Amino acid sequence: MTIYIIVFLASCLCFYAKDRTRGFLAAFLTLIGITIPCLLAAVRDKTIGTDVTGYGMFVYRDTKNVSLLEAFNIRSDNPRGFVALAWLINLANGSFEVYLFIIELLIILPAYFSISYFLKKTHG
């Protein structure tokens, strides 16, 4: 549990520092702030979390070495975009860790941009 708190605080620290800088350094701190939690998601224990043990591992495994249409048929109980993402990562010979990293990235990016937009809107 401590590692999650440390990662969250490190990410927040990057975003805090980003607001006090400009240009390349601000973009770099944003990139680091977004990447830190994605890296944690990629290297964590594969037996922890519903997202991994409940459906992530099975979708990833079932989309290996099949066509996209076969993947949709095999995993018809999952959203097509999620299945297509796993299939694309497998097509590019991505590892399970890459798969977890990208899923986390797709969760964090919309949240970051939404929060950033609303903070700029309310605080000028």
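How far is the sulfur of Cys38 from the closest cysteine sulfur? The distance is 13 Å, to Cys14, which is too far for a bond.

This is a predicted model, so local features need pLDDT of at least 70 and side-chain atom pairs count only at pLDDT 80 or more, while totals for chains, interfaces and linings use all residues. Residues are numbered from 1 along each chain as its sequence is written, and side-chain values use heavy atoms, with hydrogens and water left out.

**Cysteines**

A disulfide is taken as a pair of cysteine sulfur atoms within 2.5 Å. Searching the whole structure finds zero of them. Cys14 is in no disulfide, and its nearest cysteine sulfur belongs to Cys12, 9.4 Å away. Burial here follows relative accessible area: buried is under 20%, exposed is over 50%, and partly exposed is in between (1.4 Å probe, protein chains only). Cys14 counts as buried because its relative accessibility is 12%. Cys38 counts as buried too, at 0%.

**Helix 1**

Helices are DSSP runs (H or I, at least four residues), while strands are runs of E with at least two; both are numbered from the N terminus. Helix 1 covers residues 2-18, a run of 17 residues. From first C-alpha to last, helix 1 reaches 24 Å, close to the 24 Å expected at 1.5 Å a residue. That expected span is 1.5 Å times one less than the number of residues.

Which residues of helix 1 are buried? They are Val7, Ser11, Cys14, Phe15 and Lys18. These residues cover an arc of only 95° around the axis, so they sit on the same side of helix 1. The arc is that of the directions from the helix axis to the C-beta atoms. Thr2, Leu9 and Leu13 are exposed on the other side of helix 1. The buried residues pack against helix 2 (23-43) and helix 6 (96-123). Contact means heavy atoms within 4.5 Å.

**Aromatic pairs**

Rings of Phe, Tyr and Trp (its six-membered ring) pair if their centres lie within 6.5 Å; planes under 30 degrees apart are stacked, over 60 edge-to-face, and the rest tilted. This rule gives eight aromatic pairs. One of them joins Phe15 and Tyr112: the ring centres are 5.0 Å apart and the planes are at 20°, so the pair is stacked. Phe15 belongs to helix 1 and Tyr112 to helix 6, so the pair ties together parts 97 residues apart in sequence. Both Phe15 and Tyr112 are buried.

Tyr117 and Phe118 form an edge-to-face pair, with 5.2 Å centre to centre and 75° between the planes. Tyr117 is partly exposed, with a relative accessible area of 48%. Phe118 is partly exposed as well, at 49%. One aromatic cluster consists of Tyr60, Phe82, Phe96 and Tyr99.

**Salt bridges**

A salt bridge is a side-chain nitrogen of Lys or Arg within 4 Å of a carboxyl oxygen of Asp or Glu. The structure holds four. Among them are these:

| Salt bridge | Closest N to O |
|---|---|
| Arg61 and Asp62 | 3.2 Å |
| Arg75 and Asp77 | 3.8 Å |

Arg61, Asp62, Arg75 and Asp77 are linked in a network of salt bridges.

How exposed are the members of this network? Arg61 counts as partly exposed because its relative accessibility is 48%. Asp62 counts as buried at 17%. Arg75 counts as buried at 13%. Asp77 is exposed, with a relative accessible area of 61%.

**Asn90**

Asn90 lies in helix 5. Is Asn90 buried or exposed? Asn90 is buried, because its relative accessible area is 10%. Leaving aside neighbours within four places in sequence, Asn90 is in contact with Tyr60, Thr63 and Lys64. Tyr60 is also one of the residues in the aromatic cluster with Phe82, Phe96 and Tyr99.
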